[in-house]
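Here are my notes on this model, written as numbered points.

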Amino acid sequence: MGAGKWLRTSVYNLRLAAYHQARERLRQSLAIARQLKHQAQISFCLHALSEVALGLGDYAETKRLAEEALAVRRQTGGSPVTILNFLGKVALEQGKLTEAREYQAEALAIARANKQVVSGNVAHPLEGLGLVAHRMGEPLAAREYLQESLEICRAIDHKWGMADCLNGLGRIATDLGHYKLAKQLLQESLAGYVDIGKSDEAALLMRNQGWLAECLADYEKAKRLYQKSYNESKQTQEKSKRLSALADLGRVTIHLGEHQAAEQRQLDVRQKESR
């Protein structure tokens, strides 16, 4: 089987979150690409393997593969924007906010230098910068980045990007105390995910709705939503989503005075992180 066919099969497996199958196919494709010295395909395979590693919760392997893919991409003169954006997302997920901001800022600068004004290569780093700013406690800057990204996504009819931006804006509105707007934005986001058949985002949306309920001090409702989010996340192989859901449950049980249950949740997170 040629490298191209291995690639098509592995990408299909990756989209189904069948990470172990995708990893095997991609490794085979990478080996063939290296034999052929096909640099573009080598970079693609390395980047895809880094996405697989992220799905399996292996952050060290994720970064190693993505940085190798980035180096190959730079050597061949290809655009590094998508890989920089990905590295920014990984850094954000690990809580490395300054590093995440640097990756996204470089990605945005390169995209704009190439005059890609209305494109996903501009929209995605803008979204990334918005998410980083939000985590850094800069909600107004975050909202501006995400709003600009949303406008670009609408202009190019990038439905997944629209749903992601609406989701981020809903979180920000929640934090700013604009609860009616937050509910509207999160509902729009959910409708967008359903429209593109992205049912596995249900866990994320339930988590965000749980956060909204928690901010309104409706802790019982928040607990129910977080539990549903955890149950949904267990259906995937993505370790990071399960850990986030467990952490949410642990936090809200403290509000409910269920300290023993909260301690158990925290213990579960520590045990699962060590695996």
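1. Start with helix 5 and helix 7: their crossing is left-handed (that is, the near helix is turned anticlockwise from the far one by less than a right angle; clockwise would be right-handed). By class, this contact has 5 nonpolar, 4 polar and 1 charged residues. Here Ala, Val, Leu, Ile, Met, Phe, Trp, Tyr, Cys and Pro count as nonpolar, Asp, Glu, Lys and Arg as charged, and the others, Gly among them, as polar.

2. Before going on, keep in mind that this is a predicted model, where local features need pLDDT of at least 70, side-chain atom pairs count only at pLDDT 80 or more, and totals for chains, interfaces and linings use all residues. Residues are numbered from 1 along each chain as its sequence is written, and side-chain values use heavy atoms, with hydrogens and water left out.

3. Angles under 35 degrees count as roughly parallel, over 145 as roughly antiparallel, 65 to 115 as roughly perpendicular and the rest as oblique. Axes are lines fitted to C-alpha atoms, for helices over the stretch in contact, and angles run from 0 to 180 degrees between N-to-C directions. Helices (H or I, at least four residues) and strands (E, at least two) are DSSP runs, numbered from the N terminus.

4. Which residues of helix 5 and helix 7 meet? From helix 5 come Val81, Thr82, Asn85 and Leu92, and they meet Asn121, His124, Pro125, Leu131, Val132 and Arg135 in helix 7. Contact means heavy atoms within 4.5 Å.

5. On a 1 Å grid over the protein atoms alone, a cavity is a set of points where a 1.4 Å probe fits but cannot get out, while a pocket is an open set with protein on both sides within 12 Å along at least five of seven lines; lining residues have an atom within 4 Å of a point. Grid points are joined across faces, edges and corners, and a volume is the space filled by probe spheres set on the points.

6. Click on Lys63, Leu87, Val90, Ala91, Gln94, Glu99 and Tyr103 to see the lining of the largest cavity. Helix 5 gives the most to this lining, with 3 residues. By class, the lining has 4 nonpolar, 1 polar and 2 charged residues.

7. Now look at helix 11 (residues 202-215) and helix 12 (residues 219-233), which pack at an angle of about 165 degrees with their axes 8 Å apart. The two are therefore roughly antiparallel to each other. The crossing of helix 11 and helix 12 is left-handed, and their contact has 9 nonpolar, 4 polar and 5 charged residues.

8. Finally, find the second largest pocket, with a volume of about 200 Å³. Helix 10 (179-195), helix 11 and helix 12 each supply at least two residues of its lining. Among the lining residues are Lys183, Leu186, Gln209 and Leu225. The lining as a whole has 5 nonpolar, 2 polar and 2 charged residues.
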